[in-house]
Amino acid sequence: MRSTEISLDTENRRFLDLTDEVGGFIEPGESGLLNVFVPHATAGLALMEAGSGSEQDLEEVLGRLLPRDDRWVHSHGSPGHGADHVLPAFLAPSLTIPVIEGRLALGTWQRIVFVDLNRDNRYRKVRLACLA
């Protein structure tokens, strides 16, 4: 198994398309399974179309589902931070993607998107592991 870690800065971005960077980890001709893992309690991953407005749509839905107000029992940090800790229950912290002959076997419009609505921590990591 090969693995690496990607460092991210999410200061001004809530959605980061990681597809190209993740794809660059795959070796030519390699086949197997790639695991993408977020080791954070307030971020998740989405396999979705990116760059077409879908991120804004997802942000709006998450805002309705997980409002940033004072209803949360987990209440330290910025207002509504408790919602950040519930996010991974809806957007999983990991994805497993088939790799076939050196390429991610994604659908036509599928992209690997890192989602982080947490305003309290801008430095993030993503771990990649390929089992060939």
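These are my notebook entries on a predicted model of one protein chain.

**Entry 1: the whole chain.** I began with the secondary structure and found three helices and eight strands. Read from the N terminus, I noted the order of elements as β-β-α-β-β-α-α-β-β-β-β. I then looked up the overall dimensions. The C-alpha atoms fill a box of roughly 50 × 30 × 25 Å along the principal axes.

Entry 2: Of the contacts with a separation of 6 or more, 80% join residues 24 or more positions apart. The accessible surface comes to about 7,300 Å², and carbon and sulfur atoms account for 52% of that area.

**Entry 3: His-40.** I located His-40 in the loop between strand S3 (32–37) and strand S4 (44–48). Is His-40 buried or exposed? I classed His-40 as buried because its relative accessible area is 19%, under the 20% cut-off. Leaving aside residues up to four places away in sequence, I found that His-40 touches Tyr-123, Arg-124 and Lys-125. With Lys-125 I also noted a polar pair: its backbone nitrogen lies 2.9 Å from a polar atom of the His-40 side chain.

Entry 4: I next turned to Met-1, in the segment before strand S1 (2–9). Met-1 has a relative accessible area of 75% and is therefore exposed.

Note on methods. Residues numbered from 1 in each chain as written. Predicted model: local features only at pLDDT ≥ 70, side-chain atom pairs only at ≥ 80, totals over all residues. Heavy atoms only, no water. Helix = DSSP H or I, 4+ residues; strand = E, 2+ residues; numbered from the N terminus. Buried < 20%, exposed > 50% of the residue type's maximum accessible area, 1.4 Å probe, protein only. Polar contact = N/O pair within 3.5 Å; in protein donor to acceptor, adjacent residues only side chain to side chain. Contact = heavy atoms within 4.5 Å. Areas by Shrake-Rupley, 256 points an atom, 1.4 Å probe, with all protein chains shown as cover.
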